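Me: I would like to learn how to read the strands and helices of a model. Could we go through them one by one?

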Amino acid sequence: MKLSELIQGVELLKTEGTLSGEVSSVCYDSRWCTMDSLFVAIPGLKLDGHHFVPQALKQGSRAILCERPVDAPAGVTVLRVKDSRQALGLIGKNFFRNPSAALCLVGVTGTNGKTTITYLLESIFRQAGYSPGVIGTINYRYRSKVREAAHTTPESFDLQGMLREMLDAGVSHVVMEVSSHALDQKRVDDCEFDAGIFTNLSQDHLDYHRTLEAYFQAKRRFFTEVLGRESKGRRPGMIINGDDPFGRRILQEMSPSQVLSFGLEGSCDIGAARYSFSLDGIDVQIRTPRGTFPAKAPLVGRYNLYNILAAAAAAHSLGIENRAVQAGLSNLATIPGRLEKVSAAGEPAVFVDYAHTEDALKKVIENLLPFKKARLITVFGCGGDRDRGKRPLMGKAVVTRSDLSILTSDNPRTEDPLAILRQIEGGVENEGVTKYAIEDVRKGFDGKGYVVIPDRRAAIREAIKLAGPEDIVLVAGKGHETYQIIGTEKFPFDDREECREALKASRHGRGRWKKSLSRS
């Protein structure tokens with residue numbers, strides 16, 4: 001492709017050299033550059049692409065796009081722009097011939113529920129006769145292909161390439177998790193969406209955004225800027241959680257004709273006439289402007305009912321019939337690491353969940369409590385090199401709602417695991433919850449309590465060893481992840497496999513707690 005075609009629409013501040021040359025490839029990592037590549041120098045959080053221009057030239061690049069002056073020999077075209085990351089998205093759109101224009105593209109953003117909603121919509125799309133693709137936290141997949149997810153939302157150029165790959169393979173509908181990082185870094189700005197969903201918002205990623213308001217503004221711009229412009233000859237549908245306070249803020253800014261609200265309170269457009277919960281799933285009468293219909297889904301708890309309503313609202317916005325929604329919900333496969341049950345009948349009910357924020361932990365525990373016949377044991381930790389302010393909040397959320405809490409390591413990364421645990425314990429002080437040694441817990445105790453077991457494998461095995469057949473065990477934080485990050489290395493570790501091994505070792509699950517422990 002000619003360079004002039006590739007940068008069509010990009011606002012150039014300064015040009016040195018010719019625009020008539022051919023470009024063989026586009027790269028934003030100098031190691032990927034080959035002969036006649038365009039290298040896009042992006043200032044990153046840790047590394048600055050401008051420092052790697054010499055390496056890109058050595059690899060064969062003959063065009064450089066950058067934000068500040070760089071040294072380049074004669075014959076190399078240098079393009080100056082205000083924001084090279086933003087330009088990368090538009091270049092990707094041009095290079096891959098705007099694939100999202102020919103796809104039905106739905107974006108899902110919010111703190112919690114994104115992954116579950118992508119699975120729900122994937123199933124609904126399939127039942128409606130479409131060929132779906134998914135881009136999200138767990139993986140990127142379409143047809144029979146599954147690719148490991150490096151990021152929840154890929155870098156803009158890679159995203160355009162993936163959409164082109166899906167389109168060429170016959171995919172018709174794509175549902176994508178849109179992270180706050182992606183929105184702040186404008187990775188999805190050059191995609192043409194048919195609909196966008198806002199799930200909810202609570203404290204997360206403040207290591208990046210610094211304040212909750214800045215975090216919200218990143219999410220908000222998906223609706224005001226990305227979805228706020230006309231796409232495919234019309235305005236994209238906006239599906240907003242009307243029960244969430246941040247969702248209501250978005251609703252207040254939008255024209256009623258632009259949005260479709262969902263929720264269980266007030267007068268939302270999509271709601272539930274009746275519903276019931278069990279550990280086997282949700283039974284609901286979904287109310288829509290096209291009528292009310294019954295549906296069942298193998299998901300647990302009230303917060304998953306919101307996910308169901310969000311998916312139903314998106315389907316309604318896209319004109320998908322209610323019967324396809326019914327079939328999609330009932331035929332839903334297991335969602336990896338999202339309240340995924342890993343135990344069998346007669347054993348403690350053991351669930352693995354990705355909850356790793358205060359709000360997510362509250363919701364997942366509160367959704368399990370109504371089904372508690374005996375005790376609830378929760379195993380959790382906090383990731384290192386991430387928002388430290390949420391650690392004591394997560395500690396309080398868990399220990400005040402669980403009978404026994406086992407504090408352990410998550411992905412400590414480059415932080416001291418014991419220091420992270422001490423910060424979690426900071427939120428437990430003055431909550432009337434006693435810290436015990438594991439030896440004392442094995443003997444039994446009355447009331448609520450917590451123990452600290454830094455080794456995650458040992459913590460999981462201890463929780464399941466302590467549990468009786470009527471107890472519930474929740475292992476939270478890592479969900480679908482198949483690794484643990486210690487230092488800068490990834491080690492194989494899967495909470496689900498660890499739980500299965502522990503259950504196998506304690507097949508009859510005899511609890512060791514005193515019978516006088518509260519069973520309310």
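Me: Which strands does helix α10 lie across, and at what angle does helix α10 run to β13?

Reply: First, the basis: this is a predicted model, in which local features need pLDDT of at least 70, side-chain atom pairs count only at pLDDT 80 or more, and totals for chains, interfaces and linings use all residues. Residues are numbered from 1 along each chain as its sequence is written, and side-chain values use heavy atoms, with hydrogens and water left out. Helices (H or I, at least four residues) and strands (E, at least two) are DSSP runs numbered from the N terminus, while angles run from 0 to 180 degrees between N-to-C directions, with axes fitted as lines to C-alpha atoms, for helices over the stretch in contact. Here helix α10 (residues 302–317) lies across β11 (195–198), β12 (237–241) and β13, at about 155° to β13.

Me: In what order do the 8 strands of the open sheet stand?

Reply: Strands of a sheet pair through backbone hydrogen bonds, either parallel or antiparallel. Two strands count as paired if DSSP finds at least two bridges between them. In this open sheet the order is β9-β8-β7-β10-β6-β11-β12-β13, with mixed pairing. Because β9 (145–148) and β13 (259–262) stand at the edges with a single partner strand each, one side of each is left without a neighbour in the sheet.

Me: In which sense do β7 and β10 pair?

Reply: Strands β7 (residues 132–135) and β10 (residues 173–177) are parallel, over 4 bridges, and V134 stands opposite V175 in β10.

Me: How many residues link β15 to β16 in the hairpin?

Reply: The hairpin passes through 2 residues, and β15 (residues 281–288) runs antiparallel to β16 (residues 291–297), joined by 7 bridges.

Technical notes. Contact means heavy atoms within 4.5 Å.
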